[in-house]
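The sequence and the model are shown first, and the points follow by topic.

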Amino acid sequence: MTKRRPARSSAAGPRADKTAKTDKKATGQPGLVLAHYGQVSLVEDDQGGIFRCATRRKLQRTVCGDRVLWQPGNPREGTITEILERKTTLVRPDHNNRVRPVAANLDQIVVVIATRPSFEYGMLDRYLVAAELMGARPVIVVNKSDTLDDESRHKLEQRLGVYRDIGYTQLFTSTRSTDGLTALHGQLKAHTSILVGQSGVGKSSLVQALLPDLDIRIGTLSQVTGLGRHTTTVAMLYHLPDGGNLIDSPGVRDFTLCQVPVEDLARGFLEFEPFLGQCRFHNCRHVTEPGCVVQDAVRSGKINARRMDSYRELVATMGKNGK
Ligand SMILES: Nc1nc2c(ncn2[C@@H]2O[C@H](COP(=O)(O)OP(=O)(O)O)[C@@H](O)[C@H]2O)c(=O)[nH]1
Ligand SMILES: [Mg+2]
Ligand SMILES: [Zn+2]
């Protein structure tokens, strides 16, 4: 198993870290952003009360998982005066290729896949790289295991074996048969995790399966927001019964990485680590360079060739969009 590096807070993106310049004058009580809709943040106070808050104009946008300071105003309303420093930030590019934070203060990224809709290894790898670079632990969940017979489950386990070998936790789950739900609960306990992955893989169903009182909670939230029960269009944070937080995120068709230097990209592939720094050229991109120890490792089967394909694809995209 490859040893995990300590969390790196600044690698998520070039601008991901410039949150929350501490404003000495800002005061208020602590709160946790459960969700962010347009101009409104849903903020939970230490007693579990939920408030609809606006954000002071000079501050940047809050995201789900942000720790903030805020001041109460009208009943059930308030104003956020400060966004506290983010320990980690999950980012993705917006349509103008600018870094957009999606959620903050996560320590686990749970990538949910299923055979229907079928998943793409490239996207799984992009999520894993994003998790590594932001300093969060990736977990792979294969949901809808009830749809797999023994043979297809075995085949899938073999195909995913490369991730197990790298050291990533992998769980098969089903919200229908409840297979793997206890293990998933154990994995999420005492962490702040986000469920990510394509639409339709069963992220919201997993939240529902793990939180028996979900309907009541959503009812309370929609009373505060006045926005109805449209909880699947934005990222939403829920507390788990035995501690820890779980964020359900809206499905995405594709997940792309923000611009990162090629050296960082290689560090996002955990199994490359033992070979880094040994290539003939110190600035080797491990693509076509001679004397490349990483490419040698692919040839000798020490690094999986499909993972290398994902890496090369990412190097090519970074090159295209690079500044
Ligand atoms: N067979 C099967 N279907 C599931 C499972 N989990 C979710 N689904 C179904 O998959 C569809 C999408 O689920 P949803 O939770 O909305 O997915 P999300 O878009 O990732 O949040 C729904 O029709 C669910 O009933 C599962 O474990 N097994
Ligand atoms: Mg959903
Ligand atoms: Zn190299």
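Two strands pair if DSSP finds at least two bridges between them. Helices (H or I, at least four residues) and strands (E, at least two) are DSSP runs, numbered from the N terminus. This is a predicted model, in which local features need pLDDT of at least 70, side-chain atom pairs count only at pLDDT 80 or more, and totals for chains, interfaces and linings use all residues. Residues are numbered from 1 along each chain as its sequence is written, while chains are lettered from A and ligands numbered from 1 in the order in which they are written.

**Strands**
- Strands β4 and β5 form a hairpin with four residues between them, and Arg 76 in the turn has a positive phi of about 65 degrees.
- The antiparallel pairing of β4 with β5 (residues 77-83) runs over five bridges, and Trp 70 stands opposite Ile 80 in β5.
- Strand β4 (residues 67-72) also pairs with β1 (residues 29-37), in the antiparallel sense over four bridges; here Gly 31 stands opposite Val 68 in β4.

**Chain as a whole**
- The chain has nine helices and 13 strands.
- Of its 323 residues, 37% are buried (20 or more other C-beta atoms within 10 Å of the residue's own, with C-beta atoms placed from the backbone).

**Ligand 1**
- Around ligand 1 there are 15 residues, of which Lys 144, Gly 202, Lys 203, Ser 204 and Ser 205 come nearest; a residue is near if its C-beta atom, placed from the backbone, lies within 6 Å.

Technical notes
A residue is buried if 20 or more other C-beta atoms lie within 10 Å of its own, exposed if 12 or fewer, and partly exposed in between; C-beta atoms are placed from the backbone.
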